[in-house]
Amino acid sequence: MPVREIDAATITDTIARLAVEATHYLPEDVEGAIRAAKTTERSPLAVQIIDEILENAEIARTRMLPLCQDTGSAVVHVELGQDVHIAGGFLADAINEGIRRGYAEGFLRKSIADRPFSARTNTQDNTPGIIHTEIVPGDKVHLYFMPKGGGCENMSRYQNFLPGMGKKAIVDFVCETVDMSGGNPCPPLVIGVGVGGTAEKAMTMAKHTLFRQIGSRHPDEEVAALEDELLEAVNALGVGPQAVGGSTTALDVFVETHPTHITALPVAVNIQCHSARTKQATI
Amino acid sequence: MSSIALTTPLTDEVIDGLKPGDHVTFSGVIYTARDAAHKRLIELVKRGDELPVDLRGQVIYYVGPTPPRPGAVIGSAGPTTAMRLDPYTEPMLELGVKGVIGKGGRGPAVRAAFAKNHAVYCIAVGGTGALLNRHIKKAEVVAFEDLGTEAIRRLEVEGFPAIVVNDCRGGDLLEEGKRQYRTSERPIPAVQSLGG
């Protein structure tokens with residue numbers, strides 16, 4: 001198999017573009033789900049909030065204003081084909097240069113603080129990104145970009161349950177998390193749940209599910225059924241848009257699983273706000 | 001949905017008339033401050049130093065905007081999570097602040113502080129920084145310029161939309177709303193906060 005060369009500069013250009021597009025254009029599936037929620041929402045005040053969210057998306061795309069002032073931590077998942085050679089630079093450097101450029105050229109907020117428990121000095125360019133790299137078959141590079149806001153990321157939760165506690169533990173944990181988060185993560189939410197693996201595997205899975213299309217279901221029937229059950233349970237909580245009360249607390253819930261240790265049932269929850277900004281590209 | 005038009009600074013009579021769930025609009029001057037600015041303001045008070053802004057009757061908006069494009073007044077400018085400012089809120093109300101705009105709920109002690117100090121907590125819709133930008137007509141940094149996005153800015157706003165959450169009588173929209181629309185059998189958790 002010949003090795004395909006991809007210039008590091010191409011990675012940089014792509015990340016810079018994804019950063020600007022993700023922060024200004026609400027994905028169609030997300031906007032569609034918010035529009036659909038307007039017809040089912042029971043609270044008039046919640047409907048008013050949904051209208052403001054839809055108007056915001058329109059203003060952001062027509063006036064090139066970021067959808068939200070929190071343009072996030074730059075989370076990048078890379079699927080790197082094993083037949084690819086990145087030429088002219090190191091992959092992580094190329095990605096961070098793309099973040100630097102995208103956040104400068106797009107007039108995005110730089111929200112990353114170095115020395116987290118002491119000086120908390122702003123790095124001034126939103127680097128370093130949070131980069132996950134997976135080696136996959138093939139000769140392409142697939143880039144997933146998510147400007148992840150602090151309000152929702154700060155509501156992330158992890159717990160390990162007794163192995164026999166099963167599905168009920170997951171539903172209770174997700175509901176409790178959403179209930180206690182209230183308006184902080186900016187509902188209506190998209191909720192990512194990672195079940196199994198180890199602590200870090202569970203949270204990485206939870207985060208990665210947030211790249212899925214709203215309305216899509218896991219190919220495994222049992223997992224898909226759990227997604228439906230979680231969505232219904234969360235929307236019965238009454239939290240509603242911005243937690244003012246209502247029937248639209250989540251737009252969707254995604255679950256990913258991984259085999260786990262005989263002693264464990266790891267469950268991780270990673271929450272995304274209604275401004276569920278993601279963008280992908282294949283090189 | 002009809003809105004109550006408010007003009008800043010807020011008077012006691014106007015605050016009396018507001019209740020949880022009211023949709024309101026702010027016009028006039030409001031001041032921005034987030035974590036770092038609050039910390040500094042409270043340190044100044046502790047030292048007995050003069051504050052850079054007279055806060056009596058004023059409205060504070062918890063926001064850290066994106067940088068403006070050339071020629072623009074301000075960038076995207078939606079509210080940040082209010083709970084992080086809970087430790088600073090009562091001292092700010094004691095300095096005369098009458099209204100606060102953020103997102104999400106407040107702790108029980110802070111709710112009580114709004115009632116005690118005859119003030120209101122409102123939310124603007126989190127994640128609508130582009131829409132809220134259109135209601136900000138003028139912005140100037142008035143203190144702590146070195147804090148960048150977290151500096152204190154004086155904003156002139158027109159028809160800036162918000163919703164009353166905590167009124168001056170101890171009411172809480174988020175608690176009432178959750179109870180009203182809850183169809184779940186699950187008990188409402190005693191602790192309504194994940195912090196952060």
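## A bridge between two strands

In strand S10 (250–258) of chain A, A:Val255 is the bridge partner of A:Val193, and S10(A) pairs with strand S9 (residues 189–196) of chain A in the parallel sense over eight bridges. Strands here (E, at least two residues) and helices (H or I, at least four) are DSSP runs numbered from the N terminus, and two strands count as paired if DSSP finds at least two bridges between them.

This is a predicted model, in which local features need pLDDT of at least 70 and side-chain atom pairs count only at pLDDT 80 or more, while totals for chains, interfaces and linings use all residues. Residues are numbered from 1 along each chain as its sequence is written, chains are lettered from A and ligands numbered from 1 in the order in which they are written, and side-chain values use heavy atoms, with hydrogens and water left out.

## The sheet and its helices

The open sheet of chain A has four strands in the order S8-S11-S9-S10, with mixed pairing. Strand S8 (157–161) and S10 of chain A each have a single partner strand, so one side of each is left without a neighbour in the sheet. Neighbouring strands are turned by 15 degrees against each other on average, direction ignored.

Helix H6 (residues 166–181) of chain A packs on this sheet, where H6 touches S8, S9 and strand S11 (265–272), and its direction makes about 30 degrees with that of S11(A). Helix H8 (residues 221–235) of chain A lies across S9 and S10, running at about 145 degrees to S10(A). Such angles run from 0 to 180 degrees between N-to-C directions, and axes are lines fitted to C-alpha atoms, for helices over the stretch in contact.

## A pair of helices

The axes of helix H1 (residues 8–24) and helix H4 (residues 91–105) of chain A come within 7 Å and cross at roughly 40 degrees.

## Two domains

Chain A is divided into domain 1 (4–23 + 67–148) and domain 2 (151–276), with bounds that come from an automatic or database domain assignment. Their C-alpha centres lie 25 Å apart, and the contact takes 10 residues from domain 1 and 12 residues from domain 2.

The area buried between these domains (the accessible area, 1.4 Å probe, that two parts lose on being put together, summed over both) is about 880 Å², of which carbon and sulfur atoms give 68%. In domain 1 of chain A, the residues that lose the most area to domain 2 are A:His77, A:Met146 and A:Lys148, together 63% of what that side buries.

Methods:
Contact = heavy atoms within 4.5 Å.
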